[in-house]
Amino acid sequence: MLPDLRCALSPRPAPPRAASRVASRGLRLATAAVCLAAALSASAQAQRRDDAPPPVAADWSMPLSGIGTLRSDANHDFVPDRVGNEVLVAGRVTAGTGLVRADVSEIYIQDGTGGLRLLLPPRSVPVLTGDSVLVHGTVGFRFGMSEIAGPSLRVISGPSRRPETLAVRNTELPGGRSGPDLEAHEGELVEITGTVIQVDSVAAGRSLFLMAGTQVVQVFTYRMRATQVHFNGITTGDYVRVHGIAAQYDRAAPYNSDYVIYPLADGDVARAGISPRTVRMVAAVVGGFLLIALLWAALLRREVRRRTTALRVSEARYVHLFNAAADLVFVLDIPRGGALTSANTATQRAFSVDPDGRLPAGPLLLAAVADDPAAVERHLAEAARTGGATHVLDLRCTDGRVVPYEIATRRLDTSDGTAHVAVARDVHDRRLYENGLVEAMETAEAARREAEHARAAAEAADRFKGTIFTNLSHELRTPLTAILGY
């Protein structure tokens with residue numbers, strides 16, 4: 001009797017903490033490895049002790065049955081309906097004598113409908129992988145798999161060809177699980193992929209457990225076999241691809257667990273690169289970063305649109321203010337001799353230039369319209385040296401008038417370089433006012449001086465009159481004193 005493997009491989013309630021879940025899962029997998037190894041070892045010992053049943057008389061004239069039909073279960077009792085029936089099947093050998101195990105004559109065949117395990121009689125002639133065979137025998141069912149025990153076998157002459165490996169991909173399985181559907185491909189040569197979750201070495205052989213989707217599949221290789229299969233340094237966490245025979249060791253109905261893959265040659269278990277789960281995780285992370293980048297780009301685009309709109313509004317406001325200013329506003333290129341590069345409407349009217357400060361003959365130079373070009377040069381030099389200058393310059397307008405302008409020039413640093421913006425205000429009226437004020441002050445000063453002169457003259461006349469009266473009094477008093485004395 002084989003130990004019940006479902007006790008180790010069936011799901012159990014998980015502890016609430018992650019560390020407890022990992023420890024419990026590792027314990028269950030270790031127990032499963034020991035149980036399955038014990039099962040396989042016990043099965044091998046049982047088959048060595050008990051001779052296979054003698055083959056029944058072969059009836060090679062029977063109609064052929066498809067191997068897949070031997071697994072039909074119309075009454076749903078989880079046991080194939082044709083168990084115990086004599087059948088004749090034909091197929092190609094996928095695992096010849098000694099490739100799975102050397103202590104038992106166990107081979108596997110398959111046709112286009114399914115796979116089958118054959119237990120050949122002791123000391124039977126070895127069968128090679130790739131041979132086409134005709135098999136007669138009684139259908140049996142053991143550990144969840146259909147088989148023919150003690151069969152009569154004929155090798156059909158013809159070229160030997162190993163059947164193609166069927167790649168079994170992960171799919172949705174009953175019970176909410178996902179993984180390779182090995183139940184439908186038992187006894188066939190298959191290929192599956194999965195992540196290694198445990199590697200063991202037991203007395204009967206070597207094994208590793210794969211997590212394929214949410215299903216655990218064991219890969220087992222017997223020590224007693226024709227050629228050894230090594231796992232080539234594969235460790236826990238590796239994503240591997242496995243070629244081999246799909247089998248099952250499940251003793252309890254409904255026989256839908258405890259699947260095993262028997263690799264046939266060294267190299268049938270190899271690393272397969274990055275697992276789809278890792279790829280999905282990386283894709284999810286990249287997708288997350290891409291989503292964040294897209295959101296950030298959308299926010300940046302929205303901010304750029306907002307700032308662009310604000311800049312356009314600001315530029316429109318600046319242009320409006322620039323052109324609506326009553327004073328002359330223009331941009332000077334001092335390295336080019338004070339050439340105008342932009343002019344507002346007032347400047348255009350004053351000097352008959354276009355908005356770019358150009359005359360029909362070329363750019364307008366500020367010194368060209370100045371009554372004193374040397375004063376303009378000094379103004380521009382001071383503005384270039386200190387970043388700003390303010391002077392009153394006399395400029396000749398298109399109508400011939402020479403107008404005094406108070407020009408304030410300031411340096412403006414932009415992304416395109418350095419420019420100088422000048423604002424020129426007509427100070428003609430202010431000059432007239434200042435001149436009139438000066439004249440009034442001069443007139444008042446002259447009147448003051450005249451009044452001071454008149455006051456000084458009056459004071460001198462008063463002093464002269466006093467002197468006369470003093471002298472006259474003295475002259476009169478002296479003879480009178482003499483007369484009064486006499």
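Mentor: In this predicted model, strand E4 (residues 132–142) pairs with strand E5 (residues 145–156) in the antiparallel sense, over 10 bridges. In general, strands of a sheet pair through backbone hydrogen bonds, either parallel or antiparallel.

Both strands belong to a closed barrel of 5 strands, which runs E1-E2-E3-E5-E4 with mixed pairing. Within this sheet, neighbouring strands are turned against each other by 55 degrees on average, direction ignored.

Strand E4 also takes part in an aromatic contact. The whole structure holds 4 aromatic pairs. Among them is the edge-to-face pair of Phe141 and Tyr255, with 5.1 Å centre to centre and 85 degrees between the planes. Phe141 lies in strand E4, whereas Tyr255 sits in the loop between strand E12 (239–248) and strand E13 (259–262), so the pair ties together parts that are 114 residues apart in sequence. The two residues can also be described by their accessibility: Phe141 has a relative accessible area of 23% and is therefore partly exposed, while Tyr255, at 14% relative accessibility, counts as buried.

A further edge-to-face pair is formed by Phe220 and Tyr222, at 5.0 Å centre to centre and with 80 degrees between the planes. Both Phe220 and Tyr222 are buried. Ring pairs link these two residues and Tyr262 into a cluster.

Technical notes: Residues are numbered from 1 along each chain as its sequence is written. This is a predicted model: local features need pLDDT of at least 70, side-chain atom pairs count only at pLDDT 80 or more; totals for chains, interfaces and linings use all residues. Side-chain values use heavy atoms; hydrogens and water are left out. Two strands pair if DSSP finds at least two bridges between them. Helices (H or I, at least four residues) and strands (E, at least two) are DSSP runs, numbered from the N terminus. Axes are lines fitted to C-alpha atoms, for helices over the stretch in contact, and angles run from 0 to 180 degrees between N-to-C directions. Rings of Phe, Tyr and Trp (its six-membered ring) pair if their centres lie within 6.5 Å; planes under 30 degrees apart count as stacked, over 60 as edge-to-face and the rest as tilted. Buried means under 20% relative accessible area, exposed over 50%, partly exposed in between (1.4 Å probe, protein chains only).
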